[in-house]
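Here are a few notes from going through this one. Have a look at the model first, then read on.

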Amino acid sequence: MALAEAQILEATAPPTEPMAASDAPIELRGRVDAVDEGRIYGWAWNPAEPTGRIEVQVFRDDTQLAIVIADKPRVDLRRNGIGDGGHAFDLELPKDNALPGARLRVVAVHRESGANVELRIPSDAERAAEAAFSTPLGPILDRLESATLAPLASLVVVLRTTAPD
């Protein structure tokens, strides 16, 4: 069957029962933030399971080099609504595979379903542009977060001390 025919059949297929939440397609998200001095940094998560953790597999060509769970907390992820912020990964590549120019692939995998997505590795120019943008914003965001959280902490203390037993 040709691709166009398959698309037409899908478009004209009779309606089916609504998908159960467990049958919904898994939409993994993430990225490699950097490959630097033999280490890979990035994040991966499943928006449908904001506190769940995703497995990350690293390959050089077709050889699997490492598996890690994306479970490290990062403030920037939390700030940007990436679940609870605990979706980062950081791993050291084996020495002989950290060579410049090695064809690396990083894949996020939902262990229960097997769903996976290859995470994009940014170019050096993209990393430089991101660093130029994020470096000045970091301290500003830190101060803004402190300014908004401090009044909330005071409110919690007041509520606890004034709440009836």
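Let me start with a question: does Arg 53 count as buried, partly exposed or exposed? Keep in mind that this is a predicted model.

1. Arg 53 counts as partly exposed, because its relative accessibility is 27% and the buried class stops under 20%. Its salt-bridge partner is Asp 84, with N and O 2.9 Å apart. Arg 53 sits in the loop between strand 2 and strand 3, and Asp 84 in the loop between helix 2 (75–79) and strand 5, so the pair ties together parts that are 31 residues apart in sequence. Asp 84 is partly exposed as well, at 36%.

2. The structure has 8 salt bridges. Some of them join up: Arg 31, Asp 33, Arg 74 and Asp 76 form a network. Asp 33 counts as buried, at 17% relative accessibility, whereas Asp 76 is partly exposed at 33% and Arg 74 is partly exposed at 23%.

3. Now the inside. The largest nonpolar core has 18 residues, and Ile 40, Phe 89, Leu 91 and Val 106 have the most contacts inside it. Strands 2, 3, 4, 5 and 6 each give two or more residues, with the largest share, 4 residues, coming from strand 4.

4. Val 106 is worth a click: the residues it touches include Val 32, Ile 40, Val 56, Phe 89, Val 117 and Ile 121.

5. There is also a second, separate core of 5 residues, among them Trp 43, Leu 77, Ile 82 and Ala 88.

Notes: Residues are numbered from 1 along each chain as its sequence is written. This is a predicted model: local features need pLDDT of at least 70, side-chain atom pairs count only at pLDDT 80 or more; totals for chains, interfaces and linings use all residues. Side-chain values use heavy atoms; hydrogens and water are left out. A nonpolar core is a set of buried Ala, Val, Leu, Ile, Met, Phe, Trp, Tyr and Cys residues joined through side-chain atoms within 4.5 Å. Buried means under 20% relative accessible area, exposed over 50%, partly exposed in between (1.4 Å probe, protein chains only). Contact means heavy atoms within 4.5 Å. A salt bridge is a side-chain nitrogen of Lys or Arg within 4 Å of a carboxyl oxygen of Asp or Glu. Lists of a residue's contacts leave out its neighbours within four places in sequence.
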